[in-house]
Amino acid sequence: MLRSIRRDQVRLGMYLHGFEGSWLNHPFWRRRFLLEKPADLTALLDSDVIGVLIDTTKGLDLDIAPPAEPPRAEYRPPVREKLRRYAASPTTPLHGEDIARAEAVRTVNGAKHAIRGVLDGARLGKAVETKAVLAVVDNVSAAVEKNRAALLKVLRLKTKDEYTYLHSVAVCALMVALARQLDLDAQTTADLGTAGLLHDIGKMAVPLDVLNKPAKLTDEEFALMQTHPEKGHRLLERSGDLPPMALDVCRHHHEKIDGTGYPHRLRGTEISLAARMGAICDVYDALTSNRAYKAAWSPVEAVTRMREWDGQFDHELLFAFMKVVGIFPPGTFVRLRTNRLGVVVDNGPRSPRPKVLAFYSTIDRRMIDPVAVSIGDDLAHDAILGEADPAEWAIDATVIHEIASRHARG
């Protein structure tokens, strides 16, 4: 039996079935699990979650005496609260990681204000203010360079009311980060950032009641929505001084590799590299954002589903994007920097780093004793170089599954 309770009513022994609002408000990657660890209870009580859905058939109910609560740690304001305080008063003392997040908040707030002016002006029929756009791209690019993780984390904290503006900023940041992952030159990276910022400008020509409709669109409304790439392209053409890449991404970021996209049903490499990148960044941010008609998915769920949609995305680009966001779905078979092959395993909801169970030496071309390795961007950790093909190494897929299963069972 499912029951909705307040956050402060949660106790150890309850089975958490869901959380009210966005997944970003709660501190767990998992949505459903038995609450057994005191540290998880403390994290939940200190979070921004308002309500919790519990399953009383799998755990304790309110009217059952719970185990004694652990001593509460000294109160620490949730990250959102600390960042709000800092935005209101930059003299508020912050420490460690909070400083990077606060700087990211300032960048995002400035970018949101600027892009709001650009998009609202476009809705009124005004030409794009190129100078304002390029300033936003410069600021976002600098923030990506300084602390990509902090910026992307802040950009996920958008409400559905902010979506139109912050989605543009988020796709800009993701395009810049992906360009750097691909080692593209500085000018191309800047042009891709501009393309990401303006990719959805054609939606300003779509009626607000359709754009923000909280229910499924009718066939007529969906057809109207599908006109936004061409409308955006025409709007950007009027500016005359934007990079051609921005016009291309605006027009073609809804094309699909298998030719089923729109507006021109382009296929494979008929779609430019920039537009293929734009498609990935656009969909990922949309899936991980609260929308008028849907709640956000977790990053892991989004990337997992995107990999399953055969024919929609460029597979190699999607894997490069996974490196950008640091998300590798469990079960992915990969090549490591240390001349080993392994399978990505579930590293728990609170770990900041992916974990790979390495079990094959590419030098000796033989199985080795499985060892769990943490993945990171520095030399202190191993790194994922790319996805591996089991057939190339004569490894049966069932062997990979069994090794991962044994690890999961402990």
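Predicted model: local features only at pLDDT ≥ 70, side-chain atom pairs only at ≥ 80, totals over all residues.
Throughout this note, two residues are in contact when they have heavy atoms within 4.5 Å of each other.

1. **Ground rules.** Residues are numbered from 1 along each chain as its sequence is written, and side-chain values use heavy atoms, with hydrogens and water left out.

2. **Overall make-up.** The protein chain has 14 helices and nine strands; these are DSSP runs (H or I of at least four residues for helices, E of at least two for strands), numbered from the N terminus. Of the 410 residues in the chain, 50% are buried. The accessibility classes are buried under 20% relative accessible area, exposed over 50% and partly exposed in between, with a 1.4 Å probe and protein chains only. Among contacts with a separation of 6 or more, 62% join residues 24 or more positions apart.

3. **Pro329.** This proline is found in the loop between helix H13 (315–325) and strand S5 (333–336). Which residues does Pro329 touch, not counting residues up to four places away in sequence? They are Val303, Thr304, Arg307, Met322 and Val344. Pro329 and Arg307 are 22 residues apart in sequence, with 9.0 Å from C-alpha to C-alpha. Pro329 counts as buried because its relative accessibility is 3%.

4. **The nonpolar cores.** A nonpolar core here is a set of buried Ala, Val, Leu, Ile, Met, Phe, Trp, Tyr and Cys residues joined through side-chain atoms within 4.5 Å. The largest one has 78 residues, and those with the most contacts inside it are Val128, Val140, Leu151, Ile201 and Ile384. H5 gives the most to this core, with 13 residues. A second, separate core of 14 residues includes Ile5, Val10, Met14 and Phe19. As background, nonpolar side chains tend to be buried together in soluble globular proteins.

5. Leaving aside neighbours within four places in sequence, Ile384 is in contact with Phe319, Lys323, Phe328, Val334, Arg335, Leu336, Val344, Val356 and Ile375. Val128 is touched by Ser239, which also touches Thr130, again not counting residues up to four places away. Ser239 lies in the loop between helix H9 (228–237) and helix H10 (244–252), and is buried because its relative accessible area is 16%.

6. **Phe359.** This residue lies in strand S7 (residues 355–361) and is buried, with a relative accessible area of 0%. Beyond four places in sequence, Phe359 touches a list of residues including Phe333, Leu341, Met367, Ile368, Ile395, Ile400 and Ile403. Phe359 and Val371 are 12 residues apart in sequence and 6.6 Å apart in space, C-alpha to C-alpha.

7. **The second largest pocket.** About 1,300 Å³ of space lies in it. On a 1 Å grid over the protein atoms alone, a pocket is an open set of points where a 1.4 Å probe fits, with protein on both sides within 12 Å along at least five of seven lines, and lining residues have an atom within 4 Å of a point. Points are joined across faces, edges and corners, and the volume is the space filled by probe spheres set on them. Of the 47 lining residues, the closest to the pocket centre are Lys203, His254, Ala286, Arg291 and Tyr293. The lining divides into 22 nonpolar, 11 polar and 14 charged residues, where Ala, Val, Leu, Ile, Met, Phe, Trp, Tyr, Cys and Pro count as nonpolar, Asp, Glu, Lys and Arg as charged, and the others, Gly among them, as polar. Helices supplying at least two lining residues each include H3 (97–123), H5 (163–181) and H11 (273–287).

8. **Cysteines.** The structure holds zero disulfides, a disulfide being a pair of cysteine sulfur atoms within 2.5 Å. Cys172 is buried at 0% relative accessibility, and Cys281 is buried with a relative accessible area of 0%.

9. **Backbone details.** The peptide bond from Tyr262 to Pro263 is cis, with omega near 10 degrees, and Pro263 sits in the loop between H10 and H11. Asp183 has a positive phi, near 60 degrees, in a residue other than glycine, and is exposed, with a relative accessible area of 68%. Ala394 also is not a glycine and has a positive phi of about 55 degrees; Ala394 is exposed, with a relative accessible area of 74%.
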